[in-house]
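Please keep the sequence and the model in view while reading.

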Amino acid sequence: MEMIDLTSGTGHERVLLCRDPEAGYRGVIAIHSTVAGLAAGGTRFWSYASEEEAVQDALRLSRGMTYKNIMAGLPLGGGKSVILRDPGRNGGPVDREKLFRAHGRFIESLGGRYVTGEDVGTSPADMAFIRQETRHVVGLVTAERSGDPSPWTARGVVRAIQAAAVHRWGSDDLSGRRIAIQGCGNVGSLLARELREAGAELVVADVDPEKVRKVVEATGARAVGPEEILEAEADLLAPCALGGILNAQTIGDLRVEVVAGAANNQLLEPEDGDLLRELGILYAPDYVANAGGVISGCRELLGWSDEEASGRVERIYDTTLAVLRRADQLRISPHLAADWMAKERLKALRTAPAPGRSS
Ligand code: NAD
C-alpha cells in the first residue's frame with residue numbers, strides 16, 4: 001500500500017493518492033472540510049485519462065460535498081473519493097472485491113474522519129466489500145431499511161420547485177403549471193407523481209421508452225423525444241438525468257422561466273449559471289435542490305429518525321428561497337449565492353466551534 005500526500009496548496013484538509021498494485025487499485029481520497037463534522041461523500045468508480053484528472057475530480061467533488069452538506073443543515077463536512085477504473089489484469093474483468101476492499105483499507109487508515117457511500121459507478125455490493133475493511137461506510141442494503149435515497153431526493157426537489165415558484169410567480173401552487181422533466185428514472189418518475197398530485201401538467205422524456213411509458217401511464221404526462229425536452233415550452237424544467245446539460249449550446253434553446261431539478265452538476269461551467277440569469281431564467285442550484293438524498297443518508301449515518309430526516313427535506317423550501325433572495329440582494333446568480341452562503345456558514349462555524357452543531 002502506498003499513500004502520497006497531495007494536500008499542500010489545495011485548500012483541502014487532506015488529499016491522498018492511494019495505490020495498491022497487488023489489488024490493481026489506484027484511488028484518490030479528498031477531505032475538503034471537517035469543520036461541520038466528519039467528512040461525508042461517496043466513492044466514484046470512473047475512467048480517468050490520468051491520476052491528475054482523478055485528483056482534480058476528487059478535489060471538485062469533495063468541495064461540492066462540503067457546500068451541499070452545510071446548505072442542507074447537516075452536521076457533516078465534505079469529502080469524496082474516486083477509484084480509477086483501470087482494465088483488469090491482462091485485460092480481464094475487474095476484481096471488484098479486491099478493488100473495493102483495498103479502498104476500504106485506505107479509508108480505515110483515516111481513522112473515521114471520512115465516511116463513504118455509493119456514487120456514480122458503485123453499488124451496495126461494492127459498499128459491502130468496503131465494509132469488510134472499515135465501518136466508515138454507509139449504503140449497504142439491510143433487512144430493516146431501504147437505503148434508497150430517491151424518494152427523499154424527489155420530495156426535496158418538489159420543495160425546491162415550490163420555492164422557485166413562489167420566488168418567480170408569487171405562489172407555490174403548482175396547479176396548472178407546465179413542468180418538463182428530463183429523465184424518468186428513480187428520481188424523475190417519483191417527482192412526476194408528486195408534481196401530478198400537486199396539479200402540474202407534465203411533459204417528460206427519457207432515452208428509455210419503457211420508463212417513459214410507465215410515467216405516462218401513472219401521471220398522464222405528455223411524452224416527447226429526449227432531443228426535444230430541453231426545448232419544450234413549459235414554465236419549469238426539472239433536469240433529472242445527466243450533468244452538464246445547462247451549457248452554451250442548450251441554454252439559448254430553453255423555453256422555460258425556471259430550472260429546478262435533481263441532476264448533479266447541471267451547469268457545465270459556472271458561467272452557464274450567469275448566462276441563465278442574463279436570459280431571465282431562474283435557476284435553483286442543484287446541490288440545494290437535490291439534498292434530500294444526502295439527508296436521507298443521515299438516517300443510517302447519524303441515526304436520525306425518518307421524521308427528523310423528513311423535516312430537513314421539507315426545509316429545502318426555505319433554503320432554496322433564502323438562496324434565491326440572497327442572489328437578488330447581491331445581484332449575482334443563484335449558484336454563486338449558494339456557494340457564498342455555504343462559505344459564510346463555514347466561516348461562522350470556524351469562529352464559533354461547538355460540539356454537535358448543526359444549522
Ligand atoms: P437514474 O439513472 O435512475 O435516472 C436517470 C434517467 O435519465 C434514466 O432513466 C436514463 O435513462 C435517463 N437519461 C439518460 N440520458 C438521458 C437523456 N439524454 N435524455 C433523457 N433521459 C435520459 O438516476 P436517478 O437516481 O433518478 O438520478 C437522476 C439524477 O439525479 C442524476 O444526475 C443523479 O446524480 C441525481 N441525484 C440523484 C439522487 C438520488 O437520490 N437518486 C440524489 C441526488 C442527485
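**Salt bridges in a predicted model**

Glu-2, Arg-19, Arg-26, Glu-51 and Asp-86 are joined in a network of salt bridges, where a salt bridge is a side-chain nitrogen of Lys or Arg within 4 Å of a carboxyl oxygen of Asp or Glu. Searching the whole structure gives 25 salt bridges. Side chains of opposite charge can pair when their charged atoms come close.

The model is predicted, and local features need pLDDT of at least 70, side-chain atom pairs count only at pLDDT 80 or more, and totals for chains, interfaces and linings use all residues. Residues are numbered from 1 along each chain as its sequence is written, and side-chain values use heavy atoms, with hydrogens and water left out.

**A pair within one helix**

- Arg-101 forms a salt bridge with Glu-97, and their closest N and O atoms are 3.3 Å apart.
- Because the two residues are four residues apart in helix α2 (residues 96-109), about one helical turn separates Arg-101 and Glu-97; helices are DSSP runs of H or I with at least four residues, and strands are runs of E with at least two, numbered from the N terminus.

- Arg-177 forms a salt bridge with Asp-235, with the closest N and O atoms 3.7 Å apart.
- This pair links distant parts of the chain, 58 residues apart, with Arg-177 in the loop between α4 (150-169) and β8 (178-182) and Asp-235 in the loop between β10 (222-223) and β11 (236-239).
- Asp-235 is buried at 18% relative accessible area, whereas Arg-177 is partly exposed at 23% relative accessibility (buried means under 20%, exposed over 50%, partly exposed in between, with a 1.4 Å probe and protein chains only).
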